[in-house]
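Please open the model in a viewer and keep the selection tool at hand.

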Amino acid sequence: MTTSSPDAGSDLSGSTLTISTRINGRDETLQIAPNETLAEVLRDRLGLTGTKVSCDVQVCGACTVLVDGLPVSACTFLAYETRGRDVLTVEGLAPAPGQYHPLQQAFIELNAFQCGFCTPGMLLSAKSLLDYNPAPSTHEIKEYMEGNLCRCTGYIPILAAIGRARDIMAREASQGTGGQPADGTGTGR
Ligand code: FES
Ligand code: FES
């Protein structure tokens, strides 16, 4: 995890920092304590409880969100490190209200979850993979998803769902219907 210090542009007065960040395509200005985690800010301040906290020590992947398109463990990632950056949580994954991202659709269709606690982190890790490698092999999917643990479904349906989403997204891309949000913010990636 990055452990950089608050930058010169942050307001260090008192015990809070003022930061500007973009969460699910929306600009947010937040007052946060320097030691507040991203998971705490997302869940407790912003009500984005789709981000789950399980192990709380960067082992299980349940809390995975994307920062500038890359997965981070929100349970240990300090919130101030998102200043000026782009955060995507599971709430911002669908391309539009009433629609599912192909990964969400495939997880539903292939029964890739039971309790669902690991699912938001799985979806976001898989999205990051498919954004950077639109045609991963099953082996590459397995390797990339190693940091996301599921304690109840087994991994076969999860891998199958990610493979199905990969194929759907490739088809959409070739047809020019990439499932991006209408406002072009990229939060539906
Ligand atoms: S809750 Fe963050 S990695 Fe487990
Ligand atoms: S679906 Fe239950 S932990 Fe993954």
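Begin with α3 and α5, where Met 122, Ala 126 and Leu 130 of α3 meet Ile 158, Ile 162, Ala 165, Arg 166 and Met 169 of α5. This contact comprises seven nonpolar residues, no polar residue and one charged residue. The model is a predicted one. With both helices still selected, inspect their geometry: the axes lie 11 Å apart and the packing angle is about 40 degrees. The two helices, α3 and α5, are therefore oblique to each other. The crossing of α3 over α5 is right-handed.

**Helix α2 and its partners**

Next, select α2, residues 102-109, and display the side chains of Pro 102, Leu 103, Gln 104, Ala 106 and Phe 107, which are the buried residues of this helix. These buried residues pack against α3 (119-132) and α5 (156-175).

Take the pair α2 and α3 first. Their axes are 10 Å apart, and the helices pack at an angle of about 130 degrees. It follows that α2 and α3 are oblique to each other. Their crossing is right-handed. On the α2 side, the contact involves Leu 103, Gln 104 and Phe 107; on the α3 side, Thr 119, Met 122, Leu 123, Ala 126, Lys 127 and Leu 130 take part. Coloured by class, the contact of α2 with α3 shows six nonpolar, two polar and one charged residues.

How do the axes of α2 and α5 cross? They come within 8 Å and cross at roughly 140 degrees. Helices α2 and α5 are therefore oblique to each other. Here too the view is of a right-handed crossing, with α2 passing α5. From α2, the residues in this contact are Pro 102, Leu 103, Ala 106, Phe 107 and Glu 109; from α5, they are Ile 158, Ala 161, Ile 162, Arg 164, Ala 165, Ile 168, Met 169 and Glu 172. By class, the contact of α2 with α5 holds ten nonpolar, no polar and three charged residues.

**Beyond the end of α2**

Is Asn 111 buried or exposed? Asn 111 is exposed, its relative accessible area being 57%. Its phi is near 50 degrees, a positive value in a residue other than glycine. Most residues other than glycine have a negative phi.

**Helix α1 and the strands**

Move to α1, residues 38-45, and show Leu 38, Ala 39, Val 41 and Leu 42, the buried residues of this helix. The elements that cover them include β1 (17-23), β2 (26-32), β3 (64-67) and β4. Just after α1, select Gly 47, whose phi is positive at about 70 degrees.

Continue into the loop between α1 and β3 and stop at Gln 58. This residue has a phi near 65 degrees, again a positive value in a residue other than glycine. Gln 58 has a relative accessible area of 41% and is partly exposed.

The structure holds zero disulfides.

Then select Glu 81 in the loop between β4 (70-73) and β5 (86-88). Buried residues have under 20% relative accessible area, and Glu 81, at 3% relative accessibility, therefore counts as buried.

**The whole chain**

Finally, clear the selection and return to a cartoon of the entire chain. Which elements does the chain contain, and in what order do they run? The chain has five helices and five strands. From the N terminus on, their order is β-β-α-β-β-β-α-α-α-α. Of the 189 residues of the chain, 46% count as buried. Among contacts in the chain with a separation of 6 or more, 60% are between residues 24 or more positions apart.

Note on methods
Residues numbered from 1 in each chain as written. Chains lettered and ligands numbered in written order. Predicted model: local features only at pLDDT ≥ 70, side-chain atom pairs only at ≥ 80, totals over all residues. Heavy atoms only, no water. Buried < 20%, exposed > 50% of the residue type's maximum accessible area, 1.4 Å probe, protein only. Helix = DSSP H or I, 4+ residues; strand = E, 2+ residues; numbered from the N terminus. Contact = heavy atoms within 4.5 Å. Axes fitted to C-alpha atoms, helices over the stretch in contact; angles between N-to-C directions. Parallel < 35°, antiparallel > 145°, perpendicular 65-115°, else oblique. Left-handed = near helix turned anticlockwise from the far one by under 90°. Nonpolar A, V, L, I, M, F, W, Y, C, P; charged D, E, K, R; others polar. Disulfide = S-S within 2.5 Å.
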